Structures are given as structure tokens and as C-alpha cells.
Amino acid sequence: MFGDYAALIVLLPVIAFVFTLFLGKKLYSGGALLPIAAIAGSFIISFGIFLEIYPDGTVQQSLPWFAGMNLGILIDPLAVVMLMMVSFVSLLIHIYAVGYMAHDPARPRYFAETSLFTAAMLSVILSDNILQFFVSWELVGLCSFLLIGFWYHKPSAAAAAKKAFLVTRVGDVLFLAGIVLLYVNMKLLVDNGTLVLESQSYILQFRKMFEAIPLIDGTQLTYITLLFFGGAVGKSGQFPLHGWLPDAMEGPTTVSALIHAATMVTAGVYLVARTFPMFVATPSTISAGVPDALLVVTYVGGFTAIFAATMGLVMNDIKRVLAYSTVSQLGYMMLALGTAGTVLGAKAVGISMFHLLSHAFFKALLFLCAGSVIHAVGTNDIREMGGLFSKMKITGTTMLIAALALAGIGFPFAGLGMPIMNIGTAGFFSKDAIIEGALEYGEVTHDLIPYGFAIVAALLTSIYIFRLWFMTFTGKPRSERHSHESPGVMTGPLMILAIFALLFGFSQVGFYGYLEKNFELMDVNIAVHEGEAFHPSAFLVLLPVIVGVLGFLISYAIYNKRMIDMSKIISSGNPLYKLLYNRYYEPKIGADLIGVKLTHDVAAQSGEFIDRKIIDWLIIDNIISNTLFKLGEVVRKLQTGVVQNYASITILGVALLLVLLRLKYGGT
């Protein structure tokens, strides 16, 4: 029954967008209730569909669009878990925003745009073909531009919105190029009869794409998947297209929560997961046994995880610390797809998506807690906070739970062979599986670099998140601010998300089993590495937990007990600190070197030189202009205005034409 109403999952927030945009000022709370009701409806339908199709059903609906394309809905295990997560987390963020945005005069516009943003992300998930996926993907990018620049009167917000829009366009162009290349390959297969389009099937549907995989040349398939991955790098803030994500903090904190937890940044990971059979099928020419595309995904993801974590160590803006954390955790998700995909096959999608969903719960919680703190003290700078726990117990407690989940705190009883199940936060279950997958990848391929990335990033993650918590909630207040706990409409969503950050991990086994069937339902077989069973030593099983606890202790000793004088480390004379604080000088390299020196000083000034010195010389001063001028002078002399002259020329022309005809055809 719910499957018949699948289209409403997207349409309800779209309807709410229209009514809130035009009537929001006349409605209660700036029209917030309409998007809340609409997204609640989307969640109920999504959950109802999950109950209907579990454990091995799907929903497929389609109608023709144009030129052999279609508009369609595909809800399989991968899509339905994403639908429930996006609609549920977005619902909580919208409820929280009723309190957070209570005093903003532009509330109707805010709620209209966030409703459309949610609809766009839900449309990405529902798409049954890659072209519709791309159209929805672009709408997500447009909404993020509007929301990051929500306070457009601030120059920094306008600049951040433009930066996000332009940087992600780089990835989008690559993604579109991949779609075009895929279409060309599939069209050739259809035209020569190798690939058959049955009734109700279309050329860029995911099912048809996967059917065509064995028929596409391996090199072409590598190009297509790497172009797709280029799109994911932009949307999910992977190195080197990650710079827009920390700057996107200029929007309201609730927008940051929406972007970082439930919508935009997860789209890139979802794209790789959705097209995963194509990545696995690419040839292994660089590293034996490792598909080329997955090798790129592995190294970009692993490097991004550790690269972003180093910058999170020194940020003082509470939201920027969380922003770099998001970039790092997205790197973990890509790392899981690359490493586990090589050795575990389709299970990698389950491992990556499990961390994506866990991350959505605890990262939304972290951002909403940060919003609660900012709402209370009126600053983003953690150096001006301190001692807030006594006045904000709900915010402090729930943020500590989220920090424990991000750091992956727990204990792997079952991993050590004990007859007790593992116990820990959601982040412990999800991150531990990624690190274990990277270790098994290292055992099989003898490449332990990705595993090293994962372990070091885990240590850094624990240090920076507990640094944030200790500096914010413990010690003595470092500024005169009258802080207070947030109202119930804001703390309620915090407590609900905290429950999920604590307990979601216990659904791990069932989640993997459900997601592993996803591609079997499309008749796609994904190979698994055949080898001896993997049994890491007790030390290696415990190592992720050890580094997580070690990070906590380091932060506790430095930022709570003040056992180390950080003033000697945090100084302009420390080159390492300067390097991290200046974000590896990437803004200077990107803006000053590439933007100003190369683009403006070289390209733009070269263009000006060509325009002024060459084009103008040709047109104004010399060859072309003089020729055209002289030709014009000749023609002008023929335009005498004397009718007799025109008649004489006409007669002369007709006579000449008759002579020519006679010479050619003869006669009189």
C-alpha cells in the first residue's frame, strides 16, 4: 500500500516549499509547521515501504520522459535506509529550528528552502536512473548555495555560498562527463544489438547500467567510474575539492547540521555506493587484485580522513572543528568502499552505509549541540567558552555522547572471542568495521598504508573532539556571558538523537545482511576475495579502541587538567602549528596563487593582451578593417541613386547571362 504513494516522499516537501515561500509570513512560526508535517509524512511513507519490502522486496515505478529516457522510482534496501535516515534526521532538525530560528525575520524563506533541500536529497535517493539522479543532484547544489548564503547581507556568507557552488561545479562537470561517456557506450551496444532494451526498460536505468557492465570496454569503464567519483569528491568534500565545506559554516547552524548529516555531503558517498558494481568491475592494472577505480577511492578517502583530522586539531571555531570532522568521516566512508570492496565485495556497501547512518545521528547531534551553545553564549569561539556544563546539562551530556560516538568508544568483546556481544556507541561499531576492513585489505594486498591512515585519523579524531568538549563545558568560564539551557523544542531533538548515537550500533549485523542483498535483487553478482579466514590478533582488534581512549586521555590531560602548557605549542613560532592553523595554506594557494596569479594575472591579462594588441590591431588598425573599408568604398560608388545607371547594369547583366547560357548549351 505505501509503495503506491512513493512519489509523495518527494512531493510533500515540494508542496510545503511552495506554500511556505508564499504564505509563510501569515502562518504560525513562519510557516515551520508545513515543512515539519510534510517531512514527517515522507518519513511515515518511507518507514511503511520499509516494512512492506523487508527483507527482499523492491518498489519500481517508471514513466517515459524523452528520447528513450524515463522518470522513475527505485526503492531497494540501499534506498529505503537512506530515505528513512534523511527524512527522520531532517525532521528533527526542522523541529529544532523552530527554536533556533525563532527571532530571525526571514524564517519563511528559511523553512521553504530547507524543505526544498530535503525534497531534492530524497529525489536523489529515489531516482531509478543516473540522469534523473544528476538533475536532483544539481537541485541539491542549488539549495545548498541558497542556504549557505542565507544571510546574504554578510559578505562572508555570500562568498562562502559562491565558493561552495563553484567548487562543487567542478565535480558536477566530471559527473556529467561520466554520464555522457556511459550513454555513448550503452547506445553503441543497443544499436549493434548487443544490449537489448525490453519493454519498460530505458538506457540509463541502474538495472540496465549494471546489465551492460560486462559489455563495456574495461578502460572505458574505468574512465566512467573515475568521472563519477569526481562528482562524489566535489559533493562529499574529498581532497582536493574539500575547501568549500568548512567555509559553508556561514549559514545557520541548523543548515550545517542538514548539509553535514542528512543531505548534501552524503550524496557523493551514496553515488559511489549506488554505482558500486561498476567500480568493482574495473580492471586491475595498477595494483594486482585491486580494481583501479577502487584503488583511487581507497587512497583519496584514506588521505582525506587523516588530512582533515589534522586541521580539526587547531580550529577554534566550534563549527569549523565539526566541519573538518565531517570531511574526515566522509573519507572513512570512501575508505570503506575502497578497501572492503576489494576484499569483501558487496558487504562494503553495508559497512560504508552503516557509518554514513551512524555519522548522520551523531554529527547532527554535534551540530545541534553546537547551535545550542552558540544560542546560549553568542560566540563560536571555544576559547571564550568554558564551564558551561553546570548551566547546560542536557546539551553537555548529549554532546558528550556524540563525542564518544565520533571517537568510536566501545569494547569489542565478541572480536576477542568472548561469548558477549560488543558494547559501545554507534560510532564504535561503524568505525571499527571500517578499520578492520582496511586491515584485511592490507593482509590481502600487502598494502597497509590505508590502514595506517585509518588508525592515525582515529587518534586525531578523539583528540580534537574531546578538546572541543573539555574547552566548552569544563573549567572556569573564560568570558562574561549569561549562558542558559536551550528551550525544550531544541533539547528534545538532542535527546532523541543521543539515543540513536548510543544504540544504533546494535543493529549492525541485521543492517549488513539487509544491504548485502541489494545488488542480488538486481541480478548483479559481486565477487568476494577467496582466501583464508581473517583472524587478527587481540592487539589489532583492540587498537582502534586504544587510540580512541588515548585521544580522550591526551585531551583530558591538556585541556581539563592543564598538565601541559599549550602556549609554547600554540604560537606563531611553531611552524607545524602555523601550517595546520593556516589549513596547509590551501586558501592562499587556491585564491592567491591559482585564482589571482594564474587565472587573473596570467590568463586574464594574456586575454587582454590578445584582445587589445592583436584583435584590435587586426580589426581597427590594419588588415581586416582596411580591406573591409576599401570594399565598402567600392560598393558605395555603385550605390549612385540614379535609376538609369541601375537599368544599364541590369541590362548588361542579363545580356552577359544570355551569352554564358548560349556558350554552355548552344542554340539561338
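Is tyrosine 585 buried, partly exposed or exposed? The tour returns to this residue at its last stop. The model shown here is predicted.

**The whole chain**

Begin with the complete protein chain in view. Its C-alpha atoms fill a box of roughly 115 × 60 × 55 Å along the principal axes. Colour the chain by secondary structure: it comprises 25 helices and four strands. Of its 668 residues, 54% count as buried. Among the contacts in the chain with a separation of 6 or more, 78% join residues 24 or more positions apart.

Next, display the surface. The accessible area is about 28,200 Å², and carbon and sulfur atoms contribute 69% of that area. Then select the charged side chains. There are 40 positive and 40 negative ones, and the centres of the two sets lie 13 Å apart.

**Two packed helices**

Select residues 107–126, which form helix α4, together with residues 253–262, which form helix α10. Two packed helices are described by the angle between their axes and the distance between the axes. Here the axes come within 12 Å and cross at roughly 0°. Because angles under 35 degrees count as roughly parallel, α4 is described as roughly parallel to α10.

Now show the side chains at this meeting place. From α4, select Tyr110, Thr114, Phe117, Thr118 and Met121. They meet Thr254, Val255, Leu258, Ile259 and Ala262 in α10.

**Two cis peptide bonds**

Move to proline 55, in the loop between α2 (33–53) and β1 (59–64). The peptide bond that leads from tyrosine 54 to proline 55 is cis, with omega near 10°.

Continue to proline 240, which is found in the loop between α8 (218–235) and α9 (244–247). The bond from phenylalanine 239 to proline 240 is also a cis peptide bond, and its omega is near 5°.

**Two residues with positive phi**

Select glutamine 200, located in the loop between α6 (155–191) and α7 (206–212). Glutamine 200 is not a glycine, yet its phi is positive, near 65°. With a relative accessible area of 55%, glutamine 200 is exposed.

The last stop is tyrosine 585, in the loop between α22 (575–581) and α23 (586–621). This residue, likewise not a glycine, has a positive phi of about 60°. As for the opening question, tyrosine 585 is partly exposed, because its relative accessible area is 28%, and partly exposed residues fall between the 20% limit for buried and the 50% limit for exposed.

Technical notes
Residues are numbered from 1 along each chain as its sequence is written. This is a predicted model: local features need pLDDT of at least 70, side-chain atom pairs count only at pLDDT 80 or more; totals for chains, interfaces and linings use all residues. Side-chain values use heavy atoms; hydrogens and water are left out. Buried means under 20% relative accessible area, exposed over 50%, partly exposed in between (1.4 Å probe, protein chains only). Contact means heavy atoms within 4.5 Å. Accessible areas come from the Shrake-Rupley method with a 1.4 Å probe; for residues, only the protein chains shown count as cover. Lys and Arg count as positive and Asp and Glu as negative; His and the chain ends are not counted. The place of a charge is taken as NZ of Lys, CZ of Arg, CG of Asp or CD of Glu. Axes are lines fitted to C-alpha atoms, for helices over the stretch in contact, and angles run from 0 to 180 degrees between N-to-C directions. Angles under 35 degrees count as roughly parallel, over 145 as roughly antiparallel, 65 to 115 as roughly perpendicular and the rest as oblique.
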